[in-house]
Amino acid sequence: MITADLKLAEMWEGCLKNDRKQQELLYKTLAPRMLAVCMRYAHDKDEAQDILQEGFIKMFKNAHNYRGDGNLEGWIRRIMVHCAISRYRKLKPMVLVEDFTEENSGAGSGYNAHGLEAKDLMNMIEELPQTYRSVFNMYAIEGYSHQEIGNKLGMTELLSRTNLHRARAILKEMVNKLTGSEMHYMAG
């Protein structure tokens, strides 16, 4: 791990000197991981790649702002998340999706109790309406508070909480449908 960190530090030093080869190397090294971050906020891979490009452009323009505090990759990841949020705010049709049934909102087992893989859960998250997906990702994956989410997405803290609750209910319903159909398949 130390050699990877040293190589990353070496690439970063080159980036600070506007060395195009080091910039390209840094991009090729981090792009797959950063694309995964962008995919959590995008409708599809094309949009995620647009966010990725915007993020790297912003990162290279603001490279001098990184003070060396904390992890470089974490700093770049935060830029990607901010680009995704900015894109969302520009495009957001702030419409609450109503009428999702919450029949299964009682206490139950965790999301992965039925042996679902992480990729299955990520696919379900991608199916959420944009607002719910953004709030869910920011809260559950990125660790933002509801107040921070509200400030970044231009909504109230209460609306952030409501969107998270609805996102969880939809995900729970998806999990129940998926595991129910798998059980039916296995029994039949």
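Phe56 and Phe60 sit four residues apart in helix H3, about one turn of the helix. (Helices here are DSSP runs of H or I with at least four residues, numbered from the N terminus.) This is a predicted model, so local features need pLDDT of at least 70 and side-chain atom pairs count only at pLDDT 80 or more, while totals for chains, interfaces and linings use all residues. Residues are numbered from 1 along each chain as its sequence is written, and side-chain values use heavy atoms, with hydrogens and water left out.

Let's stay with H3 for a moment. Helix H3 covers residues 45–61, and its 17 residues should span 24 Å at 1.5 Å a residue; the end C-alpha atoms are 24 Å apart, which agrees. (The expected span is 1.5 Å times one less than the number of residues.) At the start of H3, a side-chain oxygen of Asp44 comes to within 3.3 Å of the backbone nitrogen of Asp46. Buried residues in H3 include Glu47, Ala48, Ile51 and Leu52. (Buried means under 20% relative accessible area, exposed over 50%, and partly exposed in between, using a 1.4 Å probe and protein chains only.)

Now for the rings. A pair of aromatic rings is described by the distance of the centres and the angle of the planes. Rings of Phe, Tyr and Trp (its six-membered ring) pair if their centres lie within 6.5 Å; planes under 30 degrees apart count as stacked, over 60 as edge-to-face and the rest as tilted. The structure has five aromatic pairs. Phe56 is buried, at 2% relative accessible area. Its ring centre is 6.1 Å from that of Phe60 and the planes are at 35°, so that pair is tilted. Elsewhere, ring pairs link Trp12, Tyr66 and Trp75 into a cluster.

Last stop: Arg133, in helix H6 (residues 130–141). Arg133 is buried yet has no salt bridge, and the nearest side chain of opposite charge, Glu47, is 5.5 Å away. (A salt bridge needs a side-chain nitrogen of Lys or Arg within 4 Å of a carboxyl oxygen of Asp or Glu; Lys and Arg count as positive, Asp and Glu as negative, and His and the chain ends are not counted.)

Methods. Helices (H or I, at least four residues) and strands (E, at least two) are DSSP runs, numbered from the N terminus. A polar contact is a pair of N or O atoms within 3.5 Å; within protein, one must be able to donate a hydrogen and the other to accept it, and residues adjacent in sequence count only if both atoms are side-chain atoms.
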